[in-house]
Amino acid sequence: MSVLNGKKILLGVSGGIAAYKTASLVRLFIKAGAHVQVIMTPASKDFVTPLTLSTLSKNPVYSSFYNEEDENEKWNNHVELALWADLMIIAPATANTLSKMTSGTCDNLLIAAYLSAKCPVYFAPAMDLDMYKHPSTIANFYSLAQFGNVIIPAETGELASGLSGEGRMAEPENIVAFIEDDLSSKLPLKGKKILVTAGPTYEAIDPVRFIGNHSSGKMGYDIATCAANLGAAVILVSGPTNYNVSNPLITIINVISAEEMYVACHQFFGDVDVAIAAAAVADYKPKNIAKQKIKKAADNFVIELEKTKDILASLGALKKNQFLIGFALETENEIENAKQKIQKKNLDLIVLNSLQDQGAGFGKPTNKVTFIDQFFNQEPMELKSKESVAEDILNKVIAHFEKLK
Ligand code: CTP
């Protein structure tokens, strides 16, 4: 999956012949799963039509402050457009537009949106070779780099003037690849390895029966997905669930029992930077597993259970530099019990769910958690979607690595 998936991209098109290539660029962004809105300078409309870009982006295209088409919405709000965007890309960026970006000459909607943007800004220059090499153009590149904008260098080849040299706007495929690489390299968990456990475990009674629990695995899968989206390589050790993921950064190790989860976690723990235990591991398992299906006979039937190994406590005992996060699901004395688990399992952070809280727990799309760190600082969170709780947990991980810098 592309890092551009789900990203909101504001594309600013200025008036150079390369503007015709923005049709392909919009199509590639959409194909990567991004949402695209387009602002065109008046001059760019001579090279590519707003209808083309509107059709491909599936959104209206804006080009002036005044909206002639909508009686009720007379004003095209450049601030709203800029704040909507996760990324702004100016392609082609002509010498004229580059100069206005540098000086803040705000005489069109594109520059107004540029000046309002708080997101990362990329620009793909396009001009003739002598213009590209002119000291004023180079000075503009320098200023824009100082502003934190990222240049997507022009390519060498045949130019509209008939001359050949550097100045052609980068090909749309190369623009997309450049932005994907740049975003990936800046992801906050890039280079980190994270072990996540998820789902229930099933403890066999006989060949057809087991002791299990109602964990759906959603919380662990959301954590794994969020970690991968932030650039981490994830080992997801999963009990039986109905979920699947197809992110190349996530390796799923499917297990059934607590013992299998224990073995898999210990196989990978020494090599990871973070471990997050979101699985609802069975605390007990049948002492003897019947080889054949147990036939019904007596009115009462007793199964002797023995403790499973506590995976998280064992990881806590082995811990070197790993940041270790556990979950606690409690119904009473929540804070006290959670604090005891931090100590007993040698955790850096615990995510406490109280079943007293509505909307928290198994099989629900939402969760209400309290974070408690190793120093017993408590941080109660709002009721949120499990995706948002996953983001909060990964933000704690990011903050931990920030502190180490
Ligand atoms: N856990 C584990 N291995 C086990 C049991 C639990 O790794 N055999 C992990 C869970 O994934 C969770 C944390 O330990 O992150 C807390 O689990 P919980 O069941 O709440 O705690 P227990 O220590 O089992 O205590 P109790 O059931 O008595 O509350």
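Visitor: What makes Lys309 count as a charge over the ring of Tyr262?

Guide: In this predicted model, the charged end of Lys309 sits 4.5 Å from the ring centre of Tyr262. A charge sits over a ring if NZ of Lys or CZ of Arg is within 6 Å of the ring centre and within 35 degrees of the ring normal. Lys192 likewise lies over the face of Phe401, at 4.5 Å from the ring centre.

Visitor: On what basis are the values given?

Guide: Local features need pLDDT of at least 70 and side-chain atom pairs count only at pLDDT 80 or more, whereas totals for chains, interfaces and linings use all residues. Residues are numbered from 1 along each chain as its sequence is written, and side-chain values use heavy atoms, without hydrogens and water.

Visitor: How many aromatic pairs does a search of the whole structure find?

Guide: The search finds four. Rings of Phe, Tyr and Trp (its six-membered ring) pair if their centres lie within 6.5 Å; planes under 30 degrees apart count as stacked, over 60 as edge-to-face and the rest as tilted. Tyr202 and Phe210 have 3.8 Å between centres and 10° between planes, and form a stacked pair.

Visitor: Why is the pair of Tyr221 and Tyr243 called tilted?

Guide: The ring centres of Tyr221 and Tyr243 are 5.5 Å apart and the planes stand at 35°, so the pair is tilted.

Visitor: Why is Tyr221 called buried?

Guide: Tyr221 has a relative accessible area of 4% and is therefore buried (under 20%; exposed is over 50%, partly exposed in between, with a 1.4 Å probe and protein chains only). Tyr243, at 34%, is partly exposed.
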